[in-house]
Amino acid sequence: MSSDGDLLHVVTGDDIGPRRRRIGNALVRISFGAMVAAFVYCFFDTRGAGEAGPANWRLALYGYLLWATCLCAAQVILRGERGKRTLFILPATLFVVA
């Protein structure tokens, strides 16, 4: 049996250009900023600094979920096939951290 025809486990190099890298990095940075803003808002709201707002930390949870989703998507955008392999462990790790 020849191994030339068995390409099931062969990962080719992905051509990831500078535009694709900028998009992936922007996705992570913008979603991280939104998450930090949600946490800061919830922190000051629970301390009585805000007039109106959430009575709980649900907004912070939504910010974290947005960031985690964008982080997973950015792994595929930035790293290609290697990013797809990262998706097996990254969601479980983010769940444990949360």
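These exercises work through a predicted model of one protein.

**Exercise 1. The overall fold**

State how many helices and strands the protein has, and give their pattern along the sequence.

*Solution.* 
Step 1. Count the elements: the protein has four helices and zero strands.
Step 2. Read along the sequence: the pattern is α-α-α-α.
Step 3. Turn to burial: of the 98 residues of the protein, 23% count as buried.

**Exercise 2. The nonpolar surface patch**

Find the residues that form a nonpolar patch on the surface, then classify Phe32 and Val40 as buried, partly exposed or exposed.

*Solution.* 
Step 1. Name the patch. Its members are Phe32, Val36, Phe39, Val40, Phe43, Phe44 and Trp57.
Step 2. Give the area. Together these residues have about 620 Å² of accessible area.
Step 3. Classify Phe32. Its relative accessible area is 42%, so Phe32 is partly exposed.
Step 4. Helix α1 holds Val40.
Step 5. Classify Val40. Its relative accessibility is 40%, so Val40 counts as partly exposed.
Step 6. Look across the chain from Val40. Ala60 is 20 residues apart from Val40 along the chain, and their C-alpha atoms are separated by 8.5 Å.

**Exercise 3. The positive patch**

Identify the residues of the positive surface patch and the helices that supply them.

*Solution.* 
Step 1. List the residues. Arg20, Arg21, Arg82 and Arg85 form the patch.
Step 2. Find the helices. α1 (18-46) supplies at least two patch residues, and so does α3 (81-86).
Step 3. Check one member. Arg21 sits in helix α1.
Step 4. Classify Arg21. Arg21 has 42% relative accessibility, so Arg21 counts as partly exposed.

**Exercise 4. The salt bridge**

Find which residues form a salt bridge, and explain their spacing in the helix.

*Solution.* 
Step 1. Search the whole structure. The search finds one salt bridge.
Step 2. Name the partners. Lys84 pairs with Glu81, and their closest N and O atoms are 3.9 Å apart.
Step 3. Apply the cut-off. A salt bridge needs a side-chain nitrogen of Lys or Arg within 4 Å of a carboxyl oxygen of Asp or Glu.
Step 4. Explain the spacing. Lys84 and Glu81 are separated by about one helical turn, because they are three residues apart in helix α3.
Step 5. Classify both ends. Lys84 has 44% relative accessibility, so Lys84 counts as partly exposed. Glu81 has 31%, so Glu81 also counts as partly exposed.
Step 6. Look beyond the bridge. Glu81 and Asp14 are 67 residues apart in sequence, but 7.1 Å apart in space, C-alpha to C-alpha.

**Exercise 5. Two further pairs**

*Solution.* 
Step 1. Start with Leu27. This residue belongs to helix α1.
Step 2. Classify Leu27. The relative accessible area is 27%, so Leu27 is partly exposed.
Step 3. Move to Ala98. This residue lies in the segment after α4.
Step 4. Classify Ala98. Its relative accessibility is 69%, so Ala98 counts as exposed.
Step 5. Link back to Exercise 2.

Methods: Residues are numbered from 1 along each chain as its sequence is written. This is a predicted model: local features need pLDDT of at least 70, side-chain atom pairs count only at pLDDT 80 or more; totals for chains, interfaces and linings use all residues. Side-chain values use heavy atoms; hydrogens and water are left out. Patches are made of residues with over 30% relative accessible area and no salt bridge: like charges are joined within 9 Å, nonpolar side chains (Val, Leu, Ile, Met, Phe, Trp, Tyr) within 5 Å. Accessible areas come from the Shrake-Rupley method with a 1.4 Å probe; for residues, only the protein chains shown count as cover. Lys and Arg count as positive and Asp and Glu as negative; His and the chain ends are not counted. The place of a charge is taken as NZ of Lys, CZ of Arg, CG of Asp or CD of Glu. Buried means under 20% relative accessible area, exposed over 50%, partly exposed in between (1.4 Å probe, protein chains only).
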